[in-house]
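Colleague: I would like to learn how to read a model like this one. Could we go through it feature by feature?

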Amino acid sequence: MYQYIIKRVLLTIPTLFGAAALVFLLMRLIPGDICLVRLGGGGASFDPKALIACHAEIGVDRPMIVQFLDFIWGICRFDFGTSMWSGKPVSTEILARLPISLEIALLATSVAVSIAIPLGAISALKQNTWIDVFVRIFAIGGIATPSFWLGIVSVLLVLDITGWATGTPWMPPIDYVPIWKDPIRNLEMAILPAITVGYRYAAVSMRMTRSAMLEVMREDYIRTARAKGLINKIIINRHALKNALLPVVTLIGIEFAFLIGGLVVTEQVFNLNGVGRLFVQAVQNQDYTLTQALVMLTVAIFVFTNLVVDLLYGWLDPRIRFA
Amino acid sequence: MRRLLFGFGLALALPAVAAEAPKRGGTLTYMIPADSPPSFDGHRETTYATVHATAPFYSVLIRINPDNPSSSDDFVCDLCTAMPKPTDEGKIWTFKIRDDAKWHDGSKLTADDVATSWAYIVHPPVGVLSAREGTYTMVDTVTAPDANTVVFKLKFATDAFLPALADAYSYIYKADILRKDPHWYEKNIMGSGPFKFTEYESGQAIRGVRNPDYYHKGLPYLDGFTAIFAPKESTRVDAIRADRAAIEFRGLPPSAVEQLKKADGDRIEVQTSDWNCADVLTLNHKRKPFDDVRVRRALALAIDQWHGAPALSKVANVRTVGGVVFPGSPLAPTNAELEKIAGFWPDIDKSRAEARRLLKEAGAENLSFELISRNTDQPFKYIANWVIDEWSKIGLKVSQKVVPTGPWMDAMRTGQYEAISEANCQSVVNPLLDVQKFLPGNVSAQNYNGYEDQIQVDLYNRMLREQDPAKQRALMREFDTYTLDTAAHTMVTLWWYRIIPYQSYVKGWKISPSQYINQDLATIWLDK
């Protein structure tokens, strides 16, 4: 098992290097540069000398190979440099946004898991009944509905309902307060995005749970368990569900990793100052250093999540653990 | 300097505020409709996100009268004691600096601070970036002969100087800090303005509290403010409705304002103003057939501005038909004058017939080309869709390519375009400098048409130095006609329109023709 983990960790090195080279080149293929966006993006006029000074200041006037080597050397030292946009260390910029993204991802995952696994299992166990049909419609609805649309509609609904009921329209706060400072205000802000994101996430996981459960319930060992007289509850909880969860765990892991930096639109809809919004800003502003760092962070999160999922496989399936 | 005040129809739009006595206290929460600015340094940035976030912390030398911000020449002192009269035939401006102004760290603000800040704006040292250095080409030196006097010596006298001096980004910084580290103000805030900086949450919000030592006694009225960065329009509309924030100071489109008024009409006030931002259609003179003045003129003649304006104003932040000068300015054309210029003829059938004739004569009857537009709804996409439809009426086939800001700017600067939709957005109404955008690229870095024209440059230089109002106006009329008609170098379509809806308890703020000015919040109070 240890050898397996070491092998997996070592494999991340070429993955990270490939991602680094790719993002470095792709960013520079986009026409324009950060100084143009910074000085003229607002529509205002600027002095041409300012453009030259800006290029020199952020180092984009150096040869590209020098910039690339600088970037790679930075990665080797875990130093991603400073944001070309704000001039602050990239780590500071990302760490300021990580808590809200992490919180939404965790809450959305909790919402998804608490809905998907029980409903998916029930749907499989009550196959072709009205319960199954209802759960499937609920799941397809979640997959078909874009989170950003659901977000916009949910805010408008909350505004209209509270306005009608109390005379004073209410919506979640638009500025983030950490949970340790003001838990109620924090949850007021986080709960609606967590539900809207979690619904789609739950829908996908629910369908996966259902199909995995249906497959497992037809396995020989379930038939054997029934034949030897085990009660249904033990068969489902101990034998069926645990085995059916293998693909579901993979899906949850991948979705969780995606949520850390992938809540691009949802973060905009709810004005969440998260990593996804930072990602969009970095690309729009053509902030090479920040975009590169965010891509590397996303790659690292995916690699790490996949590693955790593999370890969970070992816990869920002894055959993997003892192999 | 003439003191012609013009209201741009503003009086009708302003809520009744005159009779109310200001109340003290409270915290104003407002939104900045952008992502966080690159830095806090007003001298180096051009985005309104910087000025909306940091103007409350700083003083300036002079400014547009906060009680009359729609004016183009009602300038008042902020740090000076009285508006001076120039000497040496308009080339020497001597400002006396008030001696009761203090920095937020408690130290005294002196003339040296003012002169050093201005010297950094006008002639930045190597390695220091000043976005508006080119605006101050008329300034020779800025000095502080004593602790209370600042002297601006100009290379030539011009009416453009005083409005340029009232620029909202020209914060006064502490000279000691600037000399020690000219980049300090990019990441730090320490001013002498009505509010003291308390907190910045990267990418999310900035906060300030009342400066008890503010030199304008009795101001500010607020205890503090919180500014939240909220780039998405729907969030801002919802937030005003739910009173998560009281106002945003850039502007919302008519549909959003309608939505707010419909939902909470009695709690929402609206102020409107013409905006010192003109939509500009730029043709690449280096690409055929746009090197032919007949083709450029035909394209202008095909657009029905007089009928397009009222229709577009229902959906987009545009309203007024105008030439190169801000409508309502004393230098702007009257409608009768404008109607003589190609693209503004009142009879659109006659105009389009002439356009077809010119295209035929130029051999460009079935012309097809691409118009590059910026991926910003308001108002770029609306304008682009409209003009494409207008051009189709004379048989042109024009496609639209919508690109993000970076590639959009790159296309203009590298000349990789046929036609592009852009804007000329300026601060304090200062037509003599604002029209620099329309000068050839070898003179004005803001011009991307790709032509050279000494006749136009000479005309401009005469106008810049002319101080007789009547002669100056005549020269500007000549410049307008030459630029848009005779040489048809560019096309000005519609002028933008600023619409600010806000919670009715916000008092004491008056709209101006620019989102950059009157943003120090000192006169705002909350009627709660």
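**Reading the model**

Modeller: Chain A has 14 helices and zero strands. Keep in mind that this is a predicted model.

Colleague: Which pattern does chain A follow along the sequence?

Modeller: Read in sequence order, the pattern of chain A is α-α-α-α-α-α-α-α-α-α-α-α-α-α. Its C-alpha trace spans about 85 × 65 × 35 Å along the principal axes.

Colleague: What percentage of the residues in chain A is buried?

Modeller: Of the 323 residues in chain A, 40% are buried. Sequence separation is another thing to read. Take the contacts in chain A between residues at least 6 apart in sequence: 72% of them join residues at least 24 apart.

Colleague: How are two packed helices described?

Modeller: The description uses the angle between their axes and the distance between the axes. Here, take helix α5 (residues 90-125) of chain A and helix α13 (residues 288-316) of chain A, whose axes come within 10 Å and cross at roughly 55°.

Colleague: What does that make α5(A) and α13(A) to each other?

Modeller: Angles from 65 to 115 degrees would count as roughly perpendicular and those under 35 as roughly parallel; α5(A) and α13(A) are therefore oblique to each other. Their crossing is right-handed.

Colleague: Which residues of α5(A) and α13(A) meet?

Modeller: From α5(A) come Val90(A), Glu93(A) and Ile94(A), and they meet Thr289(A), Leu290(A), Ala293(A), Leu294(A) and Leu297(A) of α13(A). Sorted by class, this contact has six nonpolar residues, one polar and one charged.

Colleague: Now the strands. In which sense do β5 and β6 of chain B pair?

Modeller: Strand β5 (residues 139-146) of chain B pairs with strand β6 (residues 149-154) of chain B in the antiparallel sense, over five bridges.

Colleague: What joins β5(B) to β6(B)?

Modeller: A hairpin does, through two residues.

Colleague: And the interface: how many residues of chain B are in contact with chain A?

Modeller: The size of an interface is often given as the accessible area lost when the parts come together. Here we count residues instead: 43 of chain B are in contact with 46 of chain A. On the chain B side, the elements that give two or more residues are α6 (184-187), α7 (233-241), α14 (405-414) and β15 (419-425). The most comes from α14(B), with seven residues.

Colleague: Which classes make up that side of chain B?

Modeller: The side of chain B that touches chain A has 18 nonpolar, 13 polar and twelve charged residues.

Definitions and conventions:
Residues numbered from 1 in each chain as written. Chains lettered and ligands numbered in written order. Predicted model: local features only at pLDDT ≥ 70, side-chain atom pairs only at ≥ 80, totals over all residues. Helix = DSSP H or I, 4+ residues; strand = E, 2+ residues; numbered from the N terminus. Buried ≥ 20, exposed ≤ 12 C-beta atoms within 10 Å, placed from the backbone. Contact = placed C-beta atoms within 7 Å. Axes fitted to C-alpha atoms, helices over the stretch in contact; angles between N-to-C directions. Parallel < 35°, antiparallel > 145°, perpendicular 65-115°, else oblique. Left-handed = near helix turned anticlockwise from the far one by under 90°. Nonpolar A, V, L, I, M, F, W, Y, C, P; charged D, E, K, R; others polar. Pairing = 2+ DSSP bridges.
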